[in-house]
Amino acid sequence: MKKTLLLIFLVFLFTSKIVTAQNQEANTITVEGYLTDYRGNPAENVWIYVYYNNQHKESFNTKSNGHYKVNVQPGSIIYYYWNSICYSVTINSPVTKVTVTPYLDKNTEKTTPEKNIGHAEMTNIGYDSKIQKINNTISIWGLPIDAVEYYNNGHSSNYNYFNSNINNIYFDKKSKEYLIETDRFYLKKFSIDYNSSFAVNLPNKLPVLQKTYSQGINSVYDISSKYSFGSNVNTLSASEIYNPYDFFDTGYSLKNSFRFSTKLANRDFIFSYKNDYIFGIVPNTNKSNNNYNFAINNNNVRIGIIDFSSFLSDNRIIFPENGANYSRLVQSVMTTPVNFNNNNTNYSAYYPDAKNPYKIVNDSYDYNKYRQFGGSLKFYTRDYSGLDMYNLFAFDRTIDEKNSGYSNYPIDEYLKRESSQNHFFFNTSLSFHASSYYRKRTSRYRDTQLNSKLTYVFNYNDSKNNLNSYINSWNIENKRNTNELIFNNEFNYEFLKKTFLMLETNASTYSSNTLNSQKIYFSPSGLIGLNYRIFTLYTRYSEIVTEYPIHIQNLYFNTLLYNSSNFDSFKEIYYPTISENILPETAKRLDFGFKTDYYGNRYDLNLNVNYKISKHKNSIFPVLESNFILKNVADYTEQNLEIKVSNEFSIKSSKFYIDLIFNKPRTEVTQIYSNIDRIPYAGFSDISLNLIEGQAIGAIVGSSFLKDSEGNKIISSYGFPLVDYQMSVIGDPTPDWILNLNSGITIRNLSLNVNLEYKKGGDVWNGTKNVQNYYGTSQESADLRDQTEYVFEGVTQNSEINTKPVIVDQYFWQMYGYSGVAEAAIEDATWFRLKEISLKYKITKIRNFEVSLSVWAQNLLLFTPYSGVDPQTALFGYQTTQAIDLFNIPALKSYGTSLSIRF
């Protein structure tokens, strides 16, 4: 299989290369022209750069007569640097000559640029980022403009100017700005984006349940029994065959988003609204989300800008799809006998402990209300003698109310949790673009880029949690304010022609009022890289400081108080306390990387290889002592190898791309700050995820079968395997590697995109299977029920090969208890899935009016040896508990369509 995939990939690259070689020479564009000043005199020694797909390809100077000539590929950008002026031309179609007059001195009042410009179009501005006043004029140097873009600190902002023909160029003595007047000017005064989608949702993968045997034990039909070890349902004259999975509905979701923007007096006013209505696969469950955003952006970039934004998010969920109560519902569905009679919603239909799923839903008072609102205010200056200043003030508040508990409790015994969090953020930075500053005064530094930035960040958080139950009540409040001062330097230097040296150094100091010992942490970081032609090598070092969270909503660790067989009585009621003298977690990370980018005429190939290793000290986990407490418990290392290959090529009106991303993650616990051999942090007391020295984070620990020195199971005199109840490592959830493939093809207005994923290895504890075997509802228990001469592999207690036959009946499935032997439920979680496939068609596009229609499917296909639900799920819906499956919430398979309108 590996050789076949490698062969296909090599053939794909080779054939693409042939297509490129055949077309490259024929489509090379010769760009030739003369640069002159406003008097028509030749412009000598104007520095010209040629870039293609953001990669530097060639650089040279104009000759004494202002002449230049260069061969480029379509889509190349030619940058012209002349004194303090910088502008660019994008070549999109074959032309033979481009003649421009880019230069005006400060004594010029009015001039007309050369109009002989072929098919070149203006796209962006370089170092000086000069997009100036907009008042029926555009202050950039002139070519027919398709779109204008400027850059500020590496971030681009797009402005919508279209179809402008240049008439005259002015120099405004008062503002000292160059302005371009157009004889046909169109400003996009407003825009509207509307998107709507509808999706149908189904359970993605469910365990196989038997439909053969009725309620009862010892092959006797008994409606009062909670087990399914009764007689064959076909022998019962009055039995109703019931499929528990009929309980699940077909869910659906409707999502809409609307965005309106307009420009008034150099200001952008933006309003957006988004709503989601989701009806779940469980009866009577639904979600509603409403999000509002409003922003004002000031486009006066010369002196100062004040931007304002605000948001409001309102979310309501009936019977949330996470937490223990939802999993208890799944348990009820998966253990309901096949001949269960649901003529009413009372418990009388069958044994009460099995819990009628319809009654659980009807009696549920579970809900979650979540509201968040906030805003931000920005003030900054740009491009003022190389010195920029940026200030950001932001505030947000979160209010969360959740009602949950045990489904058959009286309403006054429910758990009610109310929490709130306030967050205030202030960020101010001062940037000095030394290269831009000196370049305005001399051309000596045109090969050098040096920028410095000093940033101060202040964060304030306060969190309140109130929990009330019939048992007790808690009121927890935590506050934190932090200060961080960061100094950055970036240095790029070109030497030996087409070779770039990249240096970056950073230093950060961090302090917080919740630090009980060391008050200030110093964190240096840096990068060094070397770029030659299409190859780049780099290494990066960084240090990170992270404190414990003061707002905790995920109470997954509470399950450690319970045995998996007591799963029914679990309640999320205990918050952790904070250990005295707790230190922040620190991480030292080292990256090594290699990049290469090849750009052909119609063919692009990119390869990125990155290996990172990080060492974490004082890692913080909740530890169960007399209560749960957050402590520094361990050190660990984390490694990851990522290889990304991107390939894109076009043939006539068709474009194709393919991205392959390979990841190989590894973790290892290197030290535990305790005399105990392991620290469980998720799961149950009898099956858990752990920190163990020398093991990966999340090592699965549980009971196993008793084995001899050679690993053979030891069989008792009764013919059944013996159990070693001493907890031991039985699985590792870390995958061996993960491969993602994203690919797409566009033919005119039709686009097809596909996302595939293959994950190799990683273990999951399938407790659901063990419990289904215990109740007799699994297909496995039905398949083995008729076997009366079954012999377990292993050796006897006298080290002889076991030959004793047994009957695999109810006794066997229940002799090991509710959740069985943990080792018997460890399964391989390898999967291959079609994560998403979408087809999009642009119905029409006239000027600024565009309509497109899409159809898509998510989780359409899943192939895995795992016998439970989708192995990507996690206990109670908490991702921290992935690799533990005890009636996990089913993942969804979705089919949908969406409509997009823009004008």
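**Labels and the values behind them**

Leaving aside neighbours within four places in sequence, Trp765 is in contact (heavy atoms within 4.5 Å) with Ser564, Ile687, Ile700, Ser819, Ala822, Ala825, Ile826, Tyr866, Ala883, Ile884, Asp885 and Leu886. This is a predicted model, in which local features need pLDDT of at least 70 and side-chain atom pairs count only at pLDDT 80 or more, while totals for chains, interfaces and linings use all residues. Residues are numbered from 1 along each chain as its sequence is written, and side-chain values use heavy atoms, with hydrogens and water left out.

Q: Why is Trp765 called buried?
A: Buried means under 20% relative accessible area, exposed means over 50%, and partly exposed lies in between, with a 1.4 Å probe and protein chains only. Trp765 has 1% relative accessibility and therefore counts as buried. This residue is found in strand 41, and its C-alpha atom is separated by 10.0 Å from that of Tyr866, 101 residues apart along the chain.

Q: What makes a set of residues a nonpolar core, and which residues have the most contacts inside the largest one?
A: A nonpolar core is a set of buried Ala, Val, Leu, Ile, Met, Phe, Trp, Tyr and Cys residues joined through side-chain atoms within 4.5 Å. The largest has 83 residues, and Phe247, Val282, Ile687, Leu691, Trp765, Leu886 and Phe887 are those with the most contacts inside it. Helix 2 (residues 324-334) gives the most to this core, with six residues. Another core, of eight residues, lies apart from it and includes Ile48, Val50, Val70 and Val72. In soluble globular proteins, nonpolar side chains tend to be buried together.

Q: Which residues does Phe887 touch, not counting those up to four places away in sequence?
A: Phe887 touches Ser327, Val330, Gln331, Met334, Thr335, Phe567, Thr768, Val771 and Tyr818.

Q: How do you know that strand 41 and strand 43 pair?
A: Strands (E, at least two residues) and helices (H or I, at least four) are DSSP runs, numbered from the N terminus, and two strands pair if DSSP finds at least two bridges between them. Strand 41 (residues 763-766) and strand 43 share three bridges in the antiparallel sense, and so they meet the criterion. Within this pairing, Val764 stands opposite Glu827 in strand 43.

Q: Why are strand 43 and strand 46 said to stand at the edges?
A: Three strands form an open sheet of mixed pairing in the order 43-41-46. Strand 43 (826-828) and strand 46 (884-885) each have a single partner strand, so one side of each is left without a neighbour in the sheet. Helix 5 (residues 767-775) lies across strand 41, strand 43 and strand 46, running at about 25° to strand 41; for such angles, axes are lines fitted to C-alpha atoms, for helices over the stretch in contact, and angles run from 0 to 180 degrees between N-to-C directions.

Q: What makes strand 18 and strand 19 a pair, and in which sense do they run?
A: Strand 18 (residues 267-279) and strand 19 (residues 286-298) pair in the antiparallel sense over 13 bridges. Phe269 has Ile296 in strand 19 as its bridge partner. The two strands form a hairpin with six residues between them, and Asn284 in the turn has a positive phi of about 70°.

Q: Why is the contact between Arg480 and Glu547 called a salt bridge?
A: A salt bridge is a side-chain nitrogen of Lys or Arg within 4 Å of a carboxyl oxygen of Asp or Glu. The closest N and O atoms of Arg480 and Glu547 are 3.6 Å apart, and therefore the pair qualifies. The pair links distant parts of the chain, with Arg480 in strand 25 (residues 473-495) and Glu547 in the loop between strand 28 (535-546) and strand 29 (577-578), 67 residues apart. Arg480 is buried, at 9% relative accessible area, and Glu547 also counts as buried, at 12%.

Q: How do you know whether Lys835 and Glu757 are buried or partly exposed?
A: Lys835 counts as partly exposed at 29% relative accessibility, whereas Glu757 is buried, with a relative accessible area of 9%. These two residues form a salt bridge, their closest N and O atoms being 3.7 Å apart.
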